Amino acid sequence: MTSSSASSPTTDVVELDSLVVLKIIQHCQEALPAFVTGQLLGLDIGRTLEVTNCFPFPRKDEGEQRGDDEPDDDGAEYQMEMMRCLREVNVDNNTVGWYQSTYFSSFIDESCIETQFNYQENIKNCVVLIYDPSRTRAAGLALRAFRLTEMFMSLYKDGKISFESLSGASRSNGEVFHELPIKVRNSHLSSALLLELQGECGINANASDFDRLELHTNPFLEKQMQLLIESIDDLQVESQKLQHYERYAQRQKAAQQQYLQKKKMEAQARAQKGEEPLPEEDLSQNNLFKPLAPPSRLESLLISNQMQAYCKQITQFSGQSFAKLFLMQSLNQK
Amino acid sequence: MVLTDKTTLHDVGQPQCHVRPVVLFSIIDHYSRREDGQDRVIGTLLGTEADGVVQVCSCFPVPHTEMDDQVAVSTDFHATMLQLHQRVHPKHKVVGWYSTGEEVNGSSMLFHEFYGQDVERPVHLLLDLGLGERRMSCKAYTSVGLELGHTLLGTVFEEIKLTVVNGEADQLGLDTLLKASADAGSTPSSVNALNDVDTMEVTIKKLLRTLEGVMEHVEKVTQGKAEADPKVVRLLQDLVASAPRLPAAAFDKMFNAQVQDILAVVYLANLTRTQLALAEKLQAVALSGAL
């Protein structure tokens, strides 16, 4: 499956079939307000990742009612079975990633990272598609493709995201996700169907276009600010944890030093009195010398990435609002 | 003729069929992935039925073979797939089946009977892909027993009313696809998904063009070059009436307030980003100092 990916480890573009776009939208939109996930199937050709089909996963909360261990097994079995069936009808059955719906690009959390990591480790060119129903209404289709960056992959693989490893990597900006451009591809037949449907349902390409000029943008901004504030609070908590750890580590160091000093004094005293030196003490057995577990920096790395994403989004959104406002102004002057 | 024929008359008592666009796309996808030498594909339609309206929400392909008069459907496959689908959408039931092709034929009857085991009144969706000279068309049928006295002579496929319905979700998706295909001309297309600012620009340009068109028309009418259409005039009046009349001062005040708000937000967002970047740098410096 990954034979072609070995020579070209990264993909540049994600190509979505029109069917996939529609299926994802339908699944995500119908499941609102719950968030759903699903699997992407397709082919990995050179530097393009073609997504030609997809299927939804059953919702997690339904699985949880049946017990704790079951849903995972169930999910895997469901996935295998579905892929077997799809292969039988000649659908490309290579896994190329998964999709998820979420609000306001607030997708950067541990569970998402973990899933994507698992995918990406097994099959190199996997992507995660993020669908944002809230933004779809405001700004056209909001489907975005992401991959974990190489640097983050290797860090996460080692399991420890510590202060040191992070600082070594921070030269590459400490980004967790890397966005890929998306293309939409229509086959000849689906283009034909699309044109037929255009007449059929009276879909006017204009209609939804002008919806975008909606001036009432404040609720969106408010919500985004609120999310940003929440993540700032989280970051605060994280940094307090870190400070706490540092203070504690320092105190421990001081105590250790004191203890050693005392030992030295004792040894000197004994030497002066001409007694036998005390046997060497195994320091690692001593409570004082137990190494402290440094707090994981993963959480704060994720939060700061999330904040970056929020800020970017707010800036983008405001840019649009400005355009709208000035349009309104010039219209009013006429 | 368009995709669904609206000129045909239907009985009021007949069931109606509503189909989501995604179903049609799935069928097309299935057709383009058919086995070598196979003329048509069939599959199961899933959805709900209420008040004589059959809603087709999704579908899945079913492999089958056709030899002369005999047909075989992979029933195992059908059962497994149905079970899998119902785990995601427990409310969806089998409502019928689809096939591609020009017309209902002898073997259609056999398939229909197979689906009749599951559903009381299966719906048959026939999608003519319009290869060759014809245009694409889509029809829905249901079967009616043909009786003479009390003996059943046969079964007739009766065409029922079919509508392609757009939920909000479909609308969004189709819009995007349409735009994508319009941007790239009529060739099978691959288009960059649109970015925010660009779409805004496109929209504004479109608005300008539309306004210019309206102005042009109005000018023509006032100069007596074109007929005034009462309908258009009424629409124009509505348009003018719908624009709120604000005193310039009030508008300026609102406008400025809004601009200030957004500026403040942008400022805060950028400030946060700067802080984050700064924190990162400081951490790096502190560590390299410590090491």
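Predicted model: local features only at pLDDT ≥ 70, side-chain atom pairs only at ≥ 80, totals over all residues.
**Chain B overall**

Chain B has 291 residues, and 40% of them count as buried. Its secondary structure consists of seven helices and 10 strands. Counting contacts between residues at least 6 apart in sequence, 59% join residues at least 24 apart. The chain exposes about 16,800 Å², of which carbon and sulfur atoms supply 55%.

**Helix α1 of chain B**

Helix α1 of chain B covers residues 21-32, which makes 12 residues. From its first C-alpha to its last it reaches 17 Å, close to the 16 Å expected at 1.5 Å a residue. The helix is mostly covered, with 11 of its 12 residues buried.

F25(B) is among the residues with the most contacts inside the largest nonpolar core, and D29(B) takes part in a salt bridge.

**Nonpolar cores**

The largest nonpolar core has 58 residues. A second, separate core has 48 residues, including F117(A), C126(A), F152(A) and F114(B). In soluble globular proteins, nonpolar side chains tend to be buried together.

**H78(B)**

F114(B), named in the second core, is also one of the residues that H78(B) touches. H78(B) is found in helix α2 of chain B, which spans residues 75-88. H78(B) counts as buried because its relative accessibility is 4%, and the cut-off for buried is under 20%. Leaving out residues up to four places away in sequence, H78(B) touches T44(B), F60(B), V62(B), F114(B), Y115(B) and D118(B).

**Salt bridges**

Side chains of opposite charge can pair when their charged atoms come close. A search of the whole structure finds two salt bridges over all chains. They are listed here.

| Nitrogen side | Oxygen side | N to O distance |
|---|---|---|
| K241(A) | E238(A) | 3.2 Å |
| R33(B) | D29(B) | 3.3 Å |

K241(A) and E238(A) both lie in helix α11 (residues 218-273) of chain A. They are three residues apart, about one turn of the helix. K241(A) counts as partly exposed because its relative accessibility is 46%, whereas E238(A), at 10%, counts as buried. In the chain B pair, both R33(B) and D29(B) are buried.

**A nonpolar patch on the surface**

Which residues form a nonpolar patch on the surface? They are L146(B), L148(B), L153(B) and V156(B), with about 380 Å² of accessible area together. Strands β8 (137-148) and β9 (151-164) of chain B each supply at least two residues of the patch. L148(B) is found in strand β8. With a relative accessible area of 57%, L148(B) is exposed, because the cut-off for exposed is over 50%.

Notes: Residues numbered from 1 in each chain as written. Chains lettered and ligands numbered in written order. Heavy atoms only, no water. Helix = DSSP H or I, 4+ residues; strand = E, 2+ residues; numbered from the N terminus. Buried < 20%, exposed > 50% of the residue type's maximum accessible area, 1.4 Å probe, protein only. Contact = heavy atoms within 4.5 Å. Areas by Shrake-Rupley, 256 points an atom, 1.4 Å probe, with all protein chains shown as cover. Expected span 1.5 Å × (residues − 1). Core = buried A, V, L, I, M, F, W, Y, C linked by side-chain atoms within 4.5 Å. Salt bridge = Lys/Arg side-chain N within 4 Å of Asp/Glu carboxyl O. Patch = residues over 30% accessible without salt bridge, like charges linked within 9 Å, V, L, I, M, F, W, Y side chains within 5 Å.
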